[in-house]
Every structure is written in C-alpha cells, then in structure tokens.
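Work through the exercises below with the sequence and the model side by side. Try each task before reading its solution.

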Amino acid sequence: MNFMDDDEKGKRFLELIDEQSNLQWSIVSKVSALIKSEWQSSNLQNELKELVQKHESITKELNSLDENNSML
C-alpha cells in the first residue's frame, strides 16, 4: 500500500480543496443554466451529473486523507 507522509497529504489536501471549489462553481453555473432552460436540457443534466460525481469522488478522497490523522 502506498502511504503518504504529512507533507504529501497536506499538498494533496490543498489540491483537492481547490479542485472541489472549482467544481462547486461549475455545478452552480450548470444548475443556473438548467433552471433557465426550464430543466429541459439533457446535455446540461448530463454535464451536471458528471460534475456531481467528480465532486463526490473528491469528497471521498478528502475524507480518506483525514481518516486516521484528523488533519481537518
């Protein structure tokens, strides 16, 4: 198993937080566009679904980084 030291975990944590923040802005943007389309755009629905799945994946990784060390 590949274990990260505290510096690597801290760096990865910050990268994930930045990526998560960018995804959140994208999600809000897609939801706004979807509302304007009166929820009719299947393209926007699919894009939003993908963004939410990426966000979930990042959140899981963030949680796993903190599992035993309580960095947060």
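## Exercise 1: a side chain and a backbone oxygen

The backbone oxygen of Glu61 lies 2.8 Å from a polar atom of the side chain of Ser64. The model is predicted, so local features need pLDDT of at least 70 and side-chain atom pairs count only at pLDDT 80 or more, while totals for chains, interfaces and linings use all residues. Residues are numbered from 1 along each chain as its sequence is written, and side-chain values use heavy atoms, with hydrogens and water left out.

Task: Where is Ser64 found?

Solution. 
- Step 1. Ser64 belongs to helix α2, residues 42–65. Helices (H or I, at least four residues) and strands (E, at least two) are DSSP runs, numbered from the N terminus.
- Step 2. With a relative accessible area of 39%, Ser64 is partly exposed. Buried means under 20% relative accessible area, exposed over 50%, and partly exposed in between (1.4 Å probe, protein chains only).

## Exercise 2: the salt bridges

Task: How many salt bridges does the structure hold?

Solution. 
- Step 1. Apply the cut-off: a side-chain nitrogen of Lys or Arg within 4 Å of a carboxyl oxygen of Asp or Glu. Side chains of opposite charge can pair when their charged atoms come close.
- Step 2. The structure holds three salt bridges.
- Step 3. Arg12 pairs with Glu15, and their closest N and O atoms are 3.3 Å apart. These two residues are separated by about one helical turn, because they are three residues apart in helix α1.
- Step 4. Arg12 also forms a salt bridge with Glu61, with 2.9 Å between the closest N and O atoms. This pair links distant parts of the chain: Arg12 is in helix α1 and Glu61 in helix α2, 49 residues apart.
- Step 5. Glu47 and Lys30 meet through their side chains at 2.5 Å, N to O. Glu47 lies in helix α2 and Lys30 in helix α1, so the pair ties together parts that are 17 residues apart in sequence.

Task: Which residues are linked in a network of salt bridges?

Solution. 
- Step 1. The network links Arg12, Glu15 and Glu61.
- Step 2. Check the accessibility of each member. Arg12 is partly exposed at 26%, Glu15 is partly exposed at 37%, and Glu61 is partly exposed at 26%.
- Step 3. Now check the remaining pair. Glu47 is partly exposed at 32%, and Lys30 is partly exposed at 23%.

## Exercise 3: backbone angles in the loop

Solution. 
- Step 1. Start from the general rule: most residues other than glycine have a negative phi.
- Step 2. Glu38 is not a glycine, yet its phi is positive, about 60°.
- Step 3. Trp39 is not a glycine either, and its phi is positive at about 65°.
- Step 4. Glu38 lies in the loop between α1 and α2, and Trp39 lies in the loop between α1 and α2.
- Step 5. Glu38 is exposed, with a relative accessible area of 61%.

## Exercise 4: placing one residue

Task: Is Asp5 buried or partly exposed?

Solution. 
- Step 1. Find Asp5 in the segment before α1, which covers residues 6–36.
- Step 2. The relative accessible area of Asp5 is 43%, so Asp5 counts as partly exposed.

Notes
A polar contact is a pair of N or O atoms within 3.5 Å; within protein, one must be able to donate a hydrogen and the other to accept it, and residues adjacent in sequence count only if both atoms are side-chain atoms.
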